[in-house]
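Please look through the sequence and the model shown here before reading on. The report that comes after them is meant to be read with both in view.

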Amino acid sequence: MWAATVEIVVWCGMLIGVTVVSISTVSPVELTVAGLASLGGAFAARRMRRAAGVHVTGARYAARAAVSLPYAVARGLAVLVSSVATRPGDATVRRVTLRPGAHAAWAGTLIAASPDTCVIGIPRDDVVLVHALRPDAGPVEAAVARTGGRR
């Protein structure tokens with residue numbers, strides 16, 4: 001019951017966020033409609049996930065990776081800006097093997113959130129192929145990778 005409530009609250013929050021971002025000026029009426037519609041969407045999304053048999057797995061390092069995300073985005077933006085100004089000679093494609101307890105779906109999403117990285121493939125549930133503008137691992141990558149981000 002607790003997990004279902006948390007899942008519905010997370011879905012509802014994400015759907016309200018998308019709706020509010022899509023509206024230029026948010027009035028109380030629009031916010032109420034967005035809340036009610038997102039609540040219905042949250043219940044539908046949970047039922048669809050359960051009907052498809054999808055289970056959330058491998059979230060062991062998700063909190064640690066999410067905490068390092070703001071720093072990773074700021075660092076990645078700095079690398080991206082400097083790469084635009086100069087030639088990105090350190091750009092590389094690397095295979096990141098994830099720690100046990102991390103899943104490629106959420107880990108790849110967090111790694112790709114940095115402006116200087118792009119996930120170009122997920123060959124297995126524990127491996128992510130990353131194109132990066134820097135040779136070393138970023139903070140999110142280091143949090144989820146088996147050997148600190150390079151493999």
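This is a predicted model: local features need pLDDT of at least 70, side-chain atom pairs count only at pLDDT 80 or more; totals for chains, interfaces and linings use all residues.

Residues are numbered from 1 along each chain as its sequence is written, and side-chain values use heavy atoms, with hydrogens and water left out.

**Overall layout and confidence**

The chain has six helices and three strands, where helices (H or I, at least four residues) and strands (E, at least two) are DSSP runs numbered from the N terminus. Read from the N terminus on, the elements follow the order α-α-α-α-β-α-β-β-α. Along its principal axes, the C-alpha trace of the chain spans about 50 × 35 × 20 Å. Of the 151 residues in the chain, 32% are buried; here buried means under 20% relative accessible area, exposed means over 50%, and partly exposed lies in between (1.4 Å probe, protein chains only). A contact means heavy atoms within 4.5 Å, and among contacts in the chain between residues at least 6 apart in sequence, 72% join residues at least 24 apart.

The predictor's confidence in each residue is given as pLDDT, from 0 to 100. The chain averages a pLDDT of 84, and 94% of the residues score at least 70. Among the elements, helix H3 (residues 62–67) has the lowest mean pLDDT, 80, while strand S3 (residues 127–132) has the highest, 91.

**Two helices with a buried side**

Helix H1 (residues 2–22) has 21 residues and reaches 30 Å from its first C-alpha to its last, close to the 30 Å expected at 1.5 Å a residue; the expected span of a helix is 1.5 Å times one less than its number of residues. The buried residues of H1 are Ala4, Glu7, Ile8 and Cys12. Seen down the axis of H1, these buried residues fall within an arc of 130°, so they line one face of the helix, the arc being that of the directions from the helix axis to the C-beta atoms. They pack against helix H2 (28–52), whereas the face of H1 turned away from its buried side carries the exposed residues Trp2, Ala3, Val9 and Val21.

In H4, the residues Ala72, Gly76, Val79 and Ser83 are buried. They cover an arc of only 60° around the axis, which puts them on the same side of H4. What covers these buried residues includes H6, while Pro70, Tyr71, Val81, Val84 and Ala85 are exposed on the other side of H4.

**Salt bridges**

A search of the whole structure finds six salt bridges, a salt bridge being a side-chain nitrogen of Lys or Arg within 4 Å of a carboxyl oxygen of Asp or Glu. The table lists three of them.

| Arginine 46 | Glutamate 7 | 3.3 Å |

Arginine 94 counts as buried because its relative accessibility is 6%, and glutamate 141 counts as buried at 2%. Salt bridges that share partners join Glu7, Arg46 and Arg49 into one network.

**The nonpolar core**

A nonpolar core is a set of buried Ala, Val, Leu, Ile, Met, Phe, Trp, Tyr and Cys residues joined through side-chain atoms within 4.5 Å. The largest such core has 18 residues, and those with the most contacts inside it are Ala65, Leu98, Trp106, Val130, Val140 and Val144. The elements that give two or more residues to this core are helix H5 (104–112), S3 and H6, and its largest share, five residues, comes from H5. In soluble globular proteins, nonpolar side chains tend to be buried together.
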